[in-house]
Amino acid sequence: MEHQSLFSFSNPEFWVLAALVIFFGLLVVLKVLPGALFGALDGYAAKIQAELAEAQQLREEAQALLAEVKAQREEAERQASAMLEAAKADAIRLEAEAKEKLEEQIKRRAEMAERKIAQAEAQAAADVKAAAVDLASQAAEAVLLARVATGSDPLVDAAIGQIGGKLQ
């Protein structure tokens, strides 16, 4: 095989190269290649620019949403803190009310116990008096029966005499 030079007119590769150069030259002269190339590049650049603008807008929206979420979280933390403080205050107030009610209940029960004790003492005194009256009446009955059994009793006779005068 013979080695031919690339720039030989008999070399078919030379003619392919020449046709390619002429073709690209015509495209440049007729502004087809640069216009199409630059148009494609401009379209691609515009597409990238639109995507960058959309990404920037999404980033701004995300930052705004993040700020809103942070504000909501801080508000929720403030509300939770306020609720906790209110619960503590309620617990202290309820504890004080419970102590007061317990003291009142203890006082009422002590007064009730004292009244029951006083009633029991009064009942016991009444029972003792009743027992003493019963015992005294039994003793008086025994004395009277003993006097009546012996005969006439001057006191009984005098009382019987007075009854007649008092009835008329």
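Which residue forms a salt bridge with E95, and how far apart are the closest N and O atoms? The partner is K99, with the closest N and O atoms 3.9 Å apart. A salt bridge here is a side-chain nitrogen of Lys or Arg within 4 Å of a carboxyl oxygen of Asp or Glu.

Before I continue, a word on the model. This is a predicted model, in which local features need pLDDT of at least 70 and side-chain atom pairs count only at pLDDT 80 or more, while totals for chains, interfaces and linings use all residues. Residues are numbered from 1 along each chain as its sequence is written, and side-chain values use heavy atoms, with hydrogens and water left out.

As to confidence, pLDDT is the predictor's confidence in each residue, from 0 to 100. The mean for the protein is 85, and 89% of its residues reach 70 or more. Helix α2 (residues 32–150) has the highest confidence, at a mean of 89, whereas helix α3 (residues 154–167) has the lowest, at 73.

The protein has three helices and zero strands, in the order α-α-α along the sequence. Helices (H or I, at least four residues) and strands (E, at least two) are DSSP runs, numbered from the N terminus. Of the 168 residues, 2% count as buried; buried means under 20% relative accessible area, exposed over 50%, and partly exposed in between, with a 1.4 Å probe and protein chains only.

I return to the charged pairs. The structure holds five salt bridges. E95 and K99 are four residues apart in helix α2, and are therefore separated by about one helical turn; E95 is partly exposed, at 45% relative accessible area. R78 and E75 also meet in a salt bridge, at 2.7 Å from N to O, and both lie in helix α2, three residues apart. A further bridge joins R93 to D90 at 3.5 Å, N to O. R93 is partly exposed at 41%, as is D90 at 36%. D90, R93 and E97 are linked in a network of salt bridges.

Finally, the aromatic residues. The structure holds two aromatic pairs. In one of them, the ring centres of F14 and W15 are 5.3 Å apart and the planes stand at 70°, so the pair is edge-to-face. Rings of Phe, Tyr and Trp (its six-membered ring) pair if their centres lie within 6.5 Å; planes under 30 degrees apart count as stacked, over 60 as edge-to-face and the rest as tilted. F14 is buried, at 16% relative accessibility, whereas W15 is partly exposed, at 46%.
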